[in-house]
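Please look over the sequence and the model shown here before reading on.

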Amino acid sequence: MPLRAFRYRLYPSRAQETLILDTLFLCSVLYNDLLEERRAKWKLQGVSVGFQEQCRSLPLRKAENPRLHSVYSQVLQDVAKRVDKAFDGFFRRLERGEKPGYPRFRPCRRYDSFTYPQAGSAFHLVEGGRRLHLAKIGDVKIKLHRELEGVPKTCTICRRAGRFYAVITCEVPLPTPLPRTGRAAGVDLGIESFAVTSDGEFFPPARYLRKSLQRIRRLQRGIARSKQGSARRRKRVRMLQRMHVRLADQRRDMHCKTAYRLAREYDLIAVEDLAIRNMVRNPHLALSIQDAAWGAFLKRLLGKAEEAGRSVERVDPRYTSQECSRCGRIEKKTLSQRWHSCPCGAQMHRDVNSALVILRRVLHKIA
């Protein structure tokens with residue numbers, strides 16, 4: 001069965017917040033100890049330490065550090081699992097010839113989550129969904145803004161900009177596909193408009209970062225001028241963190257609404273297979289491209305389309321903005337030219353023409 005994650009805001013009391021912060025600190029200490037053990041044994045003895053061996057060592061570690069008794073046992077096991085996943089990723093990248101990136105130590109200020117890997121006694125909703133029971137922490141107030149679906153499996157407690165969230169992963173039944181519409185559309189992603197469809201619909205640009213750039217710069221200057229370790233510096237850092245979280249939430253909300261609307265209205269959605277990593281090397285366009293977050297949107301579009309029983313096809317993006325959608329003639333245009341005019345008589349907005357070219361290529365591809 002597919003898995004779906006539901007995120008809810010937590011409102012812990014002062015005592016509960018202290019317990020959560022202590023858990024995060026102890027998890028970071030354990031993570032670094034397990035990482036150091038693997039690193040030292042391989043360097044000194046040439047011995048590889050595995051997940052099972054480190055899990056069996058947890059009772060001994062509790063005896064050496066009694067504070068670990070205040071953390072639920074399965075949470076500690078999940079820390080060992082995280083170390084194991086970090087090394088699995090390192091060896092996988094090494095085999096593929098990519099930049100391996102050896103696992104690094106994680107200070108407590110950057111260790112922001114811990115996981116209860118099994119529902120039941122470890123975590124469950126109480127008081128009609130008003131509180132979430134967490135083992136070794138207590139019943140924490142939760143804002144259940146939407147009902148859980150399916151069977152809860154895991155619960156991850158996250159810290160974001162000083163606020164706490166519970167991400168509950170559930171097994172959900174397969175979604176029911178939406179009724180067929182018999183329509184297909186090409187979608188051109190851009191900067192002037194976030195997206196343009198082949199039907200001539202324009203989605204407004206996502207410029208959340210640009211609108212907040214002046215305030216972000218002011219906060220960053222204030223942080224740079226503040227004394228290291230001071231209360232004022234911590235306060236400004238928290239303000240900057242919350243601003244970035246708000247921008248990310250706004251962008252994600254826009255992506256969800258746009259992707260859902262496209263998946264609801266079209267059976268086939270054609271998009272460009274963009275090399276975004278190469279595009280952001282352009283210093284004049286990098287900020288706008290990152291502000292739009294095309295990569296995150298395409299991932300969300302694929303997810304929404306799969307749930308709705310739709311199809312998303314990618315095409316080669318070369319010359320989609322230069323080719324005529326009617327006759328196929330290629331004519332060079334600068335970025336400032338926003339109107340497509342062809343000797344064959346085609347007259348339309350440049351982005352609409354690109355969306356039509358994208359759709360035509362997909363239809364030829366699947367024909």
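**Pro117 and its surroundings**

Leaving out residues up to four places away in sequence, Pro117 touches Gln74, Lys153 and Thr154, where contact means heavy atoms within 4.5 Å. The model is a predicted one, in which local features need pLDDT of at least 70 and side-chain atom pairs count only at pLDDT 80 or more, while totals for chains, interfaces and linings use all residues. Residues are numbered from 1 along each chain as its sequence is written, and side-chain values use heavy atoms, with hydrogens and water left out.

**More on Pro117**

- Pro117 is placed in the loop between β2 (113–116) and β3 (123–126); helices (H or I, at least four residues) and strands (E, at least two) are DSSP runs, numbered from the N terminus.
- Pro117 counts as partly exposed because its relative accessibility is 34%, given that buried means under 20% relative accessible area, exposed over 50%, and partly exposed in between (1.4 Å probe, protein chains only).
- Gln77 lies 40 residues from Pro117 along the chain, and the C-alpha atoms of Pro117 and Gln77 are separated by 8.9 Å.

**The whole chain**

- The protein chain has ten helices and 14 strands, and its C-alpha trace spans about 80 × 50 × 45 Å along its principal axes.
- Of the 367 residues in the protein chain, 41% are buried.
- Among contacts between residues at least 6 apart in sequence, 66% join residues at least 24 apart.
- The protein chain has an accessible surface of about 21,200 Å², with 51% of that surface belonging to carbon and sulfur atoms; accessible areas come from the Shrake-Rupley method with a 1.4 Å probe, and for residues only the protein chains shown count as cover.

**Helix α1 against helix α4**

- Helix α1 (residues 14–45) and helix α4 (residues 73–95) pack at an angle of about 45 degrees, and their axes are 9 Å apart. This angle makes α1 oblique to α4.
- Axes are lines fitted to C-alpha atoms, for helices over the stretch in contact, and angles run from 0 to 180 degrees between N-to-C directions; angles under 35 degrees count as roughly parallel, over 145 as roughly antiparallel, 65 to 115 as roughly perpendicular and the rest as oblique.
- The crossing of α1 and α4 is right-handed; a crossing is left-handed if the near helix is turned anticlockwise from the far one by less than a right angle, and right-handed if clockwise.
- On the α1 side the contact involves Cys27, Leu30, Tyr31, Leu34, Leu35 and Arg38, which meet residues of α4 including Val75, Leu76, Val79 and Phe87. The residues of this contact of α1 with α4 divide into twelve nonpolar, no polar and three charged, where Ala, Val, Leu, Ile, Met, Phe, Trp, Tyr, Cys and Pro count as nonpolar, Asp, Glu, Lys and Arg as charged, and the others, Gly among them, as polar.

- The axes of helix α6 (residues 231–265) and helix α9 (residues 294–308) come within 9 Å and cross at roughly 40 degrees.
- α6 passes α9 in a right-handed crossing, and the residues of the contact of α6 with α9 divide into ten nonpolar, two polar and three charged.
- The axes of α5 and α6 also come within 9 Å, and they cross at roughly 165 degrees. The helices α5 and α6 are therefore roughly antiparallel to each other.
- α5 passes α6 in a left-handed crossing, and the residues of the contact of α5 with α6 divide into eleven nonpolar, five polar and four charged.

**Three buried residues**

- Ser212 is found in helix α5 (residues 208–225) and counts as buried at 15% relative accessibility; not counting residues up to four places away in sequence, Ser212 touches Met243 and Leu247.
- Thr197 is found in strand β9 (residues 195–197) and counts as buried at 0% relative accessibility; beyond four places in sequence, the residues touched by Thr197 include Gly186, Phe203, Leu262 and Val352.
- Leu359 lies in helix α10 (residues 350–366) and is buried, with a relative accessible area of 12%; leaving aside neighbours within four places in sequence, Leu359 is in contact with Ala184, Ala185, Gly186, Ser198 and Ala270.
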